[in-house]
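Work through the exercises below with the sequence and the structure open. Each task is followed by a stepwise solution.

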Amino acid sequence: MANVTVIGAQWGDEGKGKIVDWLASRADVVVRFQGGHNAGHTLVVGNQVYKLSLLPSGVVRGTLSVIGNGVVLDPWHFRDEVAKLEAQGVKITPDNLLLAETCPLILPFHRDLDGLREDASEFKIGTTRRGIGPAYEDKVGRRAIRVCDLAHLDDLGPQLDRLCAHHNALRTGFGIEPIDREALMAQLREIADFVLPYAKPVWVTLNEAKEKGDRILFEGAQGTLLDVDHGTYPFVTSSNTVAGTAASGSGLGPDGAGFVLGIVKAYTTRVGAGPFPTELADEIGERLGTRGHEFGTVTGRKRRCGWFDSVLVRQAVAVSGVTGIALTKLDVLDGFDELKICVGYDLNGKRYGHLPPHPRDQEAAVPIYETIEGWSESTAGARSWAELPAQAIKYIRRIEELIQCPVALVSTSPEREDTILVRDPFRD
């Protein structure tokens, strides 16, 4: 049995939640390895809808779930999300949810700084204002407070000195009061009792699971095009979202990633600012958004919509080492007379087979389209190739050719079982 790493292969919001939930029912362990509570996953189980932003999707199924060291943790949101799921009947305990002892904490002043920066400039990144970026900055600046520090708050003085020296200078520049150390310590003491029972050396647990031959599912957040190194910088998230991060963000090692499943929507969406070559600011874009219910799980923001961009997905497949893709929301394309796929870009008369790195060039890139006949029949709820219209199959096959990667799964509705299995990630 192979392990499976699930990553988004566009700008996030590709439907990872359903696919991870579908796989989690067959996994022994589910691991989040990067990001924070800026990542929204929606799971539909029967008549119940679960909206997760921090916890691994496996918790809904009772699968052992792990938050790895690559995640930045808002401990108060952690408590609230656990309480929210428990109110929906999900049992969560330190036996089925483990938290890496070395996770950096997102603290109230991180949220302050996130918002202050976004408001101070006309150049908007599109941050969720949840403190993710500033928390990662403190991690690499070696001044972060981590989960394990909650067990040693009386020894926190020197680290807090470093942290306050950095942030108070920034807060002064923004004209706000310095960090109230006493209030912060009181908040940390209050939350520590809730967080610490979940804290474990998760790298030990994961390596033991690997030795036993357990099936481990790594659950990525956001998408490859939001990767801080490989995405449309600076309109990106603050972590590495590519599959390779599953190793560094969990402590299992690079040979544990297994089958890399890239989740790809049958069209393209993006939340927030940044370049989007195939964006449709017309009735077709509106139709895609309405039929696809394109609103962010975390922010509620309306997603921008456009045609499928094979150039960007091919890039994502390459940099993440994707083994196979899961194509989601195929049913949203039902009823279109024709569909378009971006197969390249025109930039000042020169054809590009990849997206250039500079934002100005990315904004200037004009998509080169290939037109494909659509289909009038419904694909909603299809669970086999035989239930798909011939033209829908042609569309899928053309995508495979253009992105140079085979389709492993096709999702035809939000329901977990409405999935066509082409290749089993846990067996390949």
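The exercises cover nonpolar cores and salt bridges.

The model is predicted, so local features need pLDDT of at least 70 and side-chain atom pairs count only at pLDDT 80 or more, while totals for chains, interfaces and linings use all residues. Residues are numbered from 1 along each chain as its sequence is written, and side-chain values use heavy atoms, with hydrogens and water left out.

**Exercise 1.** Find the residues that touch the most other members of the largest nonpolar core.

Solution. A nonpolar core is a set of buried Ala, Val, Leu, Ile, Met, Phe, Trp, Tyr and Cys residues joined through side-chain atoms within 4.5 Å. Buried means under 20% relative accessible area, exposed over 50%, and partly exposed in between (1.4 Å probe, protein chains only). The largest core has 91 residues, and I67, F78, L188 and Y395 touch the most other members. Beyond four places in sequence, the contacts (heavy atoms within 4.5 Å) of F78 include L54, I67, L97 and Y198. Another core, of 17 residues, lies apart and has L23 and F259 among its members.

**Exercise 2.** Classify E14 and K16 as buried or exposed.

Solution. E14 and K16 form a salt bridge with a closest N and O separation of 2.8 Å. Both residues are buried.

Definitions and conventions: A salt bridge is a side-chain nitrogen of Lys or Arg within 4 Å of a carboxyl oxygen of Asp or Glu.
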